[in-house]
Amino acid sequence: MDASLNRRSFLGSVAVVAAAGNAFGQAQKSPGLTPAPPPAPPAPTGPFTLPPLPYPPDALEPSIDAETMRIHHGKHHAAYVNNLNAALAPLIAGGLTVDPDIDVFITKISTLPADKQTAVRNNGGGHANHSLFWKLLAPKGKGGEPSKDLVAAIDRDLGGMDKFKEAIEKAGAARFGSGWSWLIVTPEKKLAIVSTPNQDSPLMGDAQMEKNAATGTPILGIDVWEHAYYLKYQNRRPDYLKAIWDVVNWNEVSSRYAKAMQK
Ligand code: MN
């Protein structure tokens, strides 16, 4: 136990004794003897914030259940944002300027102090990946179809829509532990399917990701962390990967493809 924990549990005991009041269980009446609740430490409020879900939590049922969406967005994504802000707070206090666009910011992790890079990669990646993921999904029947240009590129680079789906499902199923399966536009303007561990993003660049992770612009990403599917699918990750096709926002994927090709 470290010193701060000892101190906290000591203060906690004092508070319990004080709150218990007198021997008859009555609260202390004198305001002078009532301890004020300790002020909560201020949570860092920026520079990054949790974006709202673009649809209600039950909008993706039955592919993704409402409870999973509530926890995934309201707890997991929120924690990435809070932890990222907390990791950056001392650096910002020391004069660091942070690019407010998380997709830009995560390309610069290697410029941060070495002891902060892992926390920022994990939580900054988590914030970037989830902010993108919510937009890449849409209620069944509302996501449109892949554009003609995207279909042509999938035919050319990935052997057609069926093979593409099979390959991205396989990359997600084969990812050991936690990570993501991606459709990216490579720097050579080709489509490719890649998988990253943890919260690494293809945007981060080779220097900031695990060895052999591919770099590019993600236009579709599928979260294969257990928190994304376990309540409904338990160990059946491949079933989750099949069901997600019903809620892909092809309008968004197609628009991201067009933008990536213009870069
Ligand atoms: Mn997730």
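Here is a chat about a predicted model of a protein chain.

Biologist: In what order do the elements run from the N terminus?
Modeller: It goes α-α-α-α-α-α-β-β-β-α-α-α.

Biologist: What's the mean pLDDT of the chain?
Modeller: The mean is 87, and 82% of the residues reach 70 or more.

Biologist: And where does pLDDT stay under 50?
Modeller: That's residues 1-29. For that stretch the model has eight contacts beyond four places in sequence.

Biologist: OK, on to the strands. What order do they take in the sheet?
Modeller: The order is S2-S1-S3, in an open sheet of three strands with antiparallel pairing. S2 and S3 are the edge strands, each pairing on one side only. On average, neighbouring strands are turned by 25° against each other, ignoring direction.

Biologist: How many bridges does S1 make with S2?
Modeller: Seven, with S1 covering residues 179-185 and S2 covering residues 191-197. With S3, residues 217-223, S1 pairs over six bridges. Both pairings are antiparallel.

Biologist: What about the hairpin of S1 and S2, how many residues sit between the strands?
Modeller: Five, and in that hairpin lysine 189 takes a positive phi near 65°.

Biologist: Is S1 mostly covered or mostly open?
Modeller: Mostly covered: seven of its seven residues are buried. Gly179, Ser181, Leu183 and Val185 point one way, while Trp180, Trp182 and Ile184 point the other way.

Biologist: How much of the whole chain is buried?
Modeller: Buried residues make up 32% of the 263 residues.

Biologist: Which helices lie across S1 and S3?
Modeller: H4, residues 114-135, runs at about 85° to S3. H9, residues 250-262, also lies across S1 and S3, at about 150° to S3.

Biologist: Let's stay with H4. How many residues does it have?
Modeller: H4 has 22 residues and reaches 32 Å from its first C-alpha to its last. That is close to the 32 Å expected at 1.5 Å a residue.

Biologist: Where is the kink in H4 centred?
Modeller: On valine 120, with a kink of about 30°. Val120 is also one of the buried residues in H4.

Biologist: Which others are buried there?
Modeller: Among them are Arg121, Asn123, His127, Ala128, His130 and Leu132. Gly124, Gly125 and Gly126 are buried too.

Biologist: And what covers them?
Modeller: The cover includes helix H2 (66-93), helix H3 (102-105), S1 and S3.

Biologist: Last one: what share of contacts joins residues at least 24 apart?
Modeller: It's 67%, counted among contacts between residues at least 6 apart in sequence.

Key: Residues numbered from 1 in each chain as written. Predicted model: local features only at pLDDT ≥ 70, side-chain atom pairs only at ≥ 80, totals over all residues. Buried ≥ 20, exposed ≤ 12 C-beta atoms within 10 Å, placed from the backbone. Helix = DSSP H or I, 4+ residues; strand = E, 2+ residues; numbered from the N terminus. Pairing = 2+ DSSP bridges. Contact = placed C-beta atoms within 7 Å. Axes fitted to C-alpha atoms, helices over the stretch in contact; angles between N-to-C directions. Expected span 1.5 Å × (residues − 1). Bend = angle between axes of the 7 residues up to and from the residue. pLDDT = per-residue confidence, 0-100.
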